[in-house]
Amino acid sequence: SDLGAQIPCCSLSRVRAYGSLDSLGQSNVEMRKMGPDCDGVLFLTYAMLVSARSRDPNALSDPNASRFGQVFTWLTAKNSSPDGKGEGLICFDEAHKAKNLDQNTKVARLVDLLQSRCPGC
């Protein structure tokens, strides 16, 4: 309702559980805002994007272990794009925090990885 549009919105910071956001769906109060198809706008901070339960780099894309994994899985779960690489829109507020890829910060690496794994977004 803040946007003044009929687009479902959800804040990842209010989704306390890890796991596929689509599977949390109707069992999670915040995800219920996205409706039965779990489609809409997902808001998250850069700190949220890099947060994880595990430090294992192999668990990065696992929605049960990392917020990056949750976002990546959510973007590609109902993929109808012909190339199979995600469909949606990724908007970064304060994008200057991720612009310096050469400085190799965790935020910059994950933003770059999300964009390269989801070229249709």
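**View 1. Leu42 and its contacts in the predicted model.** Leu42 touches Cys10, Leu12, Leu21, Met34, Val71 and Trp74. Residues up to four places away in sequence are not counted. Contact means heavy atoms within 4.5 Å. This is a predicted model: local features need pLDDT of at least 70, side-chain atom pairs count only at pLDDT 80 or more, and totals for chains, interfaces and linings use all residues. Residues are numbered from 1 along each chain as its sequence is written, and side-chain values use heavy atoms, with hydrogens and water left out.

**View 2. The largest nonpolar core.** This core holds 23 residues. Leu12, Val15, Leu21, Met31, Leu42, Trp74 and Leu114 touch the most other members. At least two residues come from each of H1, helix H3 (46–50), helix H4 (67–77) and helix H5 (106–117). H4 gives the most, with five residues. A nonpolar core is a set of buried Ala, Val, Leu, Ile, Met, Phe, Trp, Tyr and Cys residues joined through side-chain atoms within 4.5 Å. Buried means under 20% relative accessible area, exposed over 50%, and partly exposed in between (1.4 Å probe, protein chains only). Helices (H or I, at least four residues) and strands (E, at least two) are DSSP runs, numbered from the N terminus.

**View 3. Phe68 and Phe72, a stacked aromatic pair.** The count comes to one aromatic pair. The ring centres of Phe68 and Phe72 are 6.3 Å apart, with 0° between the planes. Rings of Phe, Tyr and Trp (its six-membered ring) pair if their centres lie within 6.5 Å; planes under 30 degrees apart count as stacked, over 60 as edge-to-face and the rest as tilted. Both residues lie in helix H4, four residues apart, about one turn of the helix. Phe68 is buried because its relative accessible area is 0%. Phe72 is buried too, at 17%.

**View 4. Arginines over rings.** The charged end of Arg117 sits over the ring of Phe72, 5.5 Å from its centre. Arg67 lies over the face of Tyr18, at 4.5 Å from the ring centre. A charge sits over a ring if NZ of Lys or CZ of Arg is within 6 Å of the ring centre and within 35 degrees of the ring normal.

**View 5. Cys9 without a disulfide.** The disulfide count is zero. For Cys9, the nearest cysteine sulfur is that of Cys10, 8.8 Å away. A disulfide is a pair of cysteine sulfur atoms within 2.5 Å. Cys9 is partly exposed, at 22% relative accessible area.
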